[in-house]
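Me: I've got this one open on my screen and would like to go through a few of its contacts with you. Could you take my questions as they come?

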Amino acid sequence: MFTTTASAPRAAANSQPMPLMQQDDFVPVPAPPRARRMLVDEKRVVSGYQLVPSVAAPKTAGACFDDAGTARSAESATRLAKPTFIRCTCRDLMNGQLDKLDPKTVVLEIRDGADSDPGGPEGGGGLDEAVLKEARAKGFKLAFDARLLKKEYAGFVSLASYIILEMGVMKLDRAAALARGIRSSTRAVPMAAQVRTSAEYETLADAGVQMFEGHWYAQPPVRTDKSIQLSYAGLIKLLNMVMREADSTEIEELLKHEPTLAYKLLRHINSVGFGSNIEITSFRHAVLTVGLKKLFRWTALLITNTPPGSVAPAAGTRAIVRGRLMELLALETMPTADADLAFVTGMFSMLDVLLGMPLEDALALVNLPKAVTDAILSGDGPFAQYLAIAKACEHTDEALLEILSVRNRIASSHMIDTHLQALAWAEQFGH
């Protein structure tokens, strides 16, 4: 049923790789959109994003806040309902930049000026109290790193909405102690960056950290969790029925014995919708309305929408974003049916995390087209390049994105912007 007709992807319009320039040839160009990392709360649900500074940005300026990039950052942030943390310095905020940003969608992540020091003329390591108070008066929340807890910064603590603990340079016990201190003596929310393991997350959450950045929740399981597989048994059986185009009577018989699954499926189908005037009342109705291919996609989405307790909801969100990004890129060069398979490839590339078992074993549970499994397991086939791009966007790997840009003749800025579109799409479905 599900076969791919995709050939080698064509170069997308306006996606030619830029030629390398010599330093003397440089001319200012509009700043590209910046990649975003997901932030999760203490329940491991996506709660915001962190705009990642370019490694090529000048060290003496706010890395996400150059004049050309501010408007782009502001525009892109408004496409997301959840807040985006944008790194800047007080100097960046002195030039009317606040007027370009929306306090409902932006948190200002304040960094010291790289050319200042705590004893400098601006005081507080480049922090300007008047500028920061103006930002707060305009409704912006401010985030600072843990250096704010030093004596020379004490006067600024009351302005902080978030205090960031950088786990890449901080020992776990020290970070936990700081988090407890932040909770007990300030109004700020402790936030941990670069969280690497579940043990770190659990220790920090117990200490009062309420926001986390890191990829620990999307790591493959160390050992198989059979309880997760049991919770998904009916859903996997339904996926395989749809895949082999089983008779609708047979599928409805399964759903009669899986009332919770039937309810979730119909609720999900109606939420993604056919318009306000049409309500799908049965699986047979859904088959007649859109066909089995779309139903397979929506049934697959239930795996990411209903993770059991041991699976982070953010892992399901990442799977959806990965699939949507791949679908959007594939639509530029492939038929719609193949783009649907690109979506499934992205989601099922995280099936090991979602099902709590090794990836090859997880994929063996569902009868998938070879093009899908080849992309996931061996990096081959028409969907492999899109999967590589999706993973690079997730990890905000600028160097790898540039390599993939040249290899696939897709501008890295287009990859990042497509990732942003996928994040916004996932938010529409409660992720």
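Me: Which residues form one aromatic cluster with Tyr201?
Reply: In this predicted model, Tyr201 forms one aromatic cluster with Phe212, Trp216 and Tyr217.

Me: And how many aromatic pairs does the count come to?
Reply: The count comes to seven aromatic pairs. One of them joins Tyr201 and Trp216, whose ring centres are 5.1 Å apart with the planes at 25°, and because planes under 30 degrees apart count as stacked, this pair is a stacked one.

Me: Where do Tyr201 and Trp216 lie?
Reply: Tyr201 belongs to helix H4 (residues 198-206), while Trp216 is in the loop between strand S8 (211-214) and helix H5 (226-231), so the pair ties together parts that are 15 residues apart in sequence.

Me: Are those two buried or exposed?
Reply: Tyr201 is buried, and Trp216 is buried as well.

Me: OK, on to S8. Which strands does S8 pair with?
Reply: Strand S1 (residues 36-41) pairs with S8 in the antiparallel sense over three bridges, with Leu39 having Glu213 as its bridge partner. Strand S7 (residues 189-195) runs parallel to S8 and is joined to it by three bridges, and here Val195 stands opposite Gly214.

Me: Last one, what sits over the ring of Phe343?
Reply: That is the charged end of Arg297, 3.9 Å from the ring centre.

How values were computed:
Residues are numbered from 1 along each chain as its sequence is written. This is a predicted model: local features need pLDDT of at least 70, side-chain atom pairs count only at pLDDT 80 or more; totals for chains, interfaces and linings use all residues. Side-chain values use heavy atoms; hydrogens and water are left out. Rings of Phe, Tyr and Trp (its six-membered ring) pair if their centres lie within 6.5 Å; planes under 30 degrees apart count as stacked, over 60 as edge-to-face and the rest as tilted. Helices (H or I, at least four residues) and strands (E, at least two) are DSSP runs, numbered from the N terminus. Buried means under 20% relative accessible area, exposed over 50%, partly exposed in between (1.4 Å probe, protein chains only). A charge sits over a ring if NZ of Lys or CZ of Arg is within 6 Å of the ring centre and within 35 degrees of the ring normal. Two strands pair if DSSP finds at least two bridges between them.
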